[in-house]
Amino acid sequence: MRLGVLDVGSNTVHLLVVDAHRGAHPTPMHSEKSVLRLAERITPGGELSKAGADELVTAVESAKDAAVRLGCEEVMAFATSAVREAKNSAKVLARVADKTGVELRVLSGTDEARLTFLAVRRWYGWSAGQLLVLDIGGGSLEVAMGRDEEPVLAESLPLGAGRTTRTRFKHDPPTRSELVATSAWLDDQLTDLARKVTKWGEPDRVVATSKTFRSLARLTGAAPSAAGPHVRRTLTDTALRQLLAFISRMTSADLAQLEGVSASRSHQLVAGALVAQATMRALGLTELEICPWALREGVILRRLDHSNGADETGAALVGRFGAQEDR
């Protein structure tokens, strides 16, 4: 079965196409993305701007065409924090559906944490024991913990790399006072999370996912993506501290020249590093292992699990790409 997953995030609209069937390892066949930075297209009134909505329609239409061309039998289409928090999200979603035939489903932060946790659990297996999973996105930080495929703890905090950049920094690079104040602010924001995690005991394995953590790990010496997904990659608190001392003095344009840093995300790298450091500090972590699977893979795995029946976050996410042609 060829499946697609369309992820409308705070920074990009990302289409991932895989070949997979129930009980099998999803094999990536195609990946493409459009950089929209939707979170930066929110008006002072809290709505996604008309220009942002226009670009979203175009990006979804392009992804739909690619999915059809590549022979996807189903496409699961979802949106995360940028669309979720826009005051006009219902209107934007209706417009996308009307213009493209694609029905985007909005995931809650808790569902993001749950599905990412599922992907990590499947990657490492039961032998990993109690997992603690961290994921820094553009708009939010997701944390999940547990011994099974369904976490006992699934939290989402508005501490994404992009959001932190927009709300805490006025300079590029940020000033020393901005860095110190943001670090202290993050410590305060993470106090309750630390108490919740401590309640469930010590994790056997601590894992981080997604682009921010992958970039930070790469900049501290982890193997490049060309080495393949099965190479063990880690991020330590010592290496992260040393990296922050270096990148916090660089402009976003200079950061974009570093290997492993994309131009579309370079402006939020320092904030992402501060969130990562504060989270590790709050939870008493000295090392994170980087997992190549994250939310998109979790959505695919959940869909495959329920390939013979309905599911609230699997089957419900299947995009009705044929809807436009039926109109």
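This is a predicted model: local features need pLDDT of at least 70, side-chain atom pairs count only at pLDDT 80 or more; totals for chains, interfaces and linings use all residues.
Domain 1 is made up of residues 2-106 together with residues 296-320, whereas domain 2 covers residues 109-290.

**Contact between the domains**

- Domain 1 brings 20 residues to the contact, and domain 2 brings 21 residues.
- The size of an interface is often given as the accessible area lost when the parts come together.
- Between domain 1 and domain 2 the buried area is about 1600 Å², and carbon and sulfur atoms give 45% of that area.

**Helix α3**

- Helix α3 runs over residues 89-100, and its 12 residues, at 1.5 Å a residue, should span 16 Å, which agrees with the 16 Å between its end C-alpha atoms.
- The buried residues in α3 are Ser89, Val92, Leu93, Val96, Ala97 and Thr100.
- Seen down the axis of α3, these buried residues fall within an arc of 135 degrees, so they line one face of the helix.
- Ala90 and Lys91, by contrast, are exposed, and they lie on the other side of α3.
- Gly101, which comes just after α3, takes a positive phi of about 80 degrees.

**Ala66 in helix α1**

- Ala66 has its place in helix α1, which comprises residues 50-69.
- With a relative accessible area of 1%, Ala66 counts as buried, because the cut-off for a buried residue is under 20% relative accessible area.
- When its neighbours within four places in sequence are left aside, Ala66 is in contact with Leu15 and Glu32.
- Gly4 is 62 residues from Ala66 along the chain, and the C-alpha atoms of the two residues are separated by 9.8 Å.

**The aromatic pair**

- A search of the whole structure finds 1 aromatic pair.
- The partners are Trp123 and Trp293, whose arrangement is edge-to-face, with 5.1 Å centre to centre and 65 degrees between the planes.
- This pair links distant parts of the chain, 170 residues apart, since Trp123 belongs to helix α4 (residues 109-124) and Trp293 to the loop between β11 (287-291) and α12 (295-305).
- Both Trp123 and Trp293 are buried.

Technical notes. Residues are numbered from 1 along each chain as its sequence is written. Side-chain values use heavy atoms; hydrogens and water are left out. Helices (H or I, at least four residues) and strands (E, at least two) are DSSP runs, numbered from the N terminus. Buried means under 20% relative accessible area, exposed over 50%, partly exposed in between (1.4 Å probe, protein chains only). Contact means heavy atoms within 4.5 Å. The expected span of a helix is 1.5 Å times one less than its number of residues. The arc is that of the directions from the helix axis to the C-beta atoms. Rings of Phe, Tyr and Trp (its six-membered ring) pair if their centres lie within 6.5 Å; planes under 30 degrees apart count as stacked, over 60 as edge-to-face and the rest as tilted. Domain bounds come from an automatic or database domain assignment. Buried area is the accessible area (1.4 Å probe) that two parts lose on being put together, summed over both.
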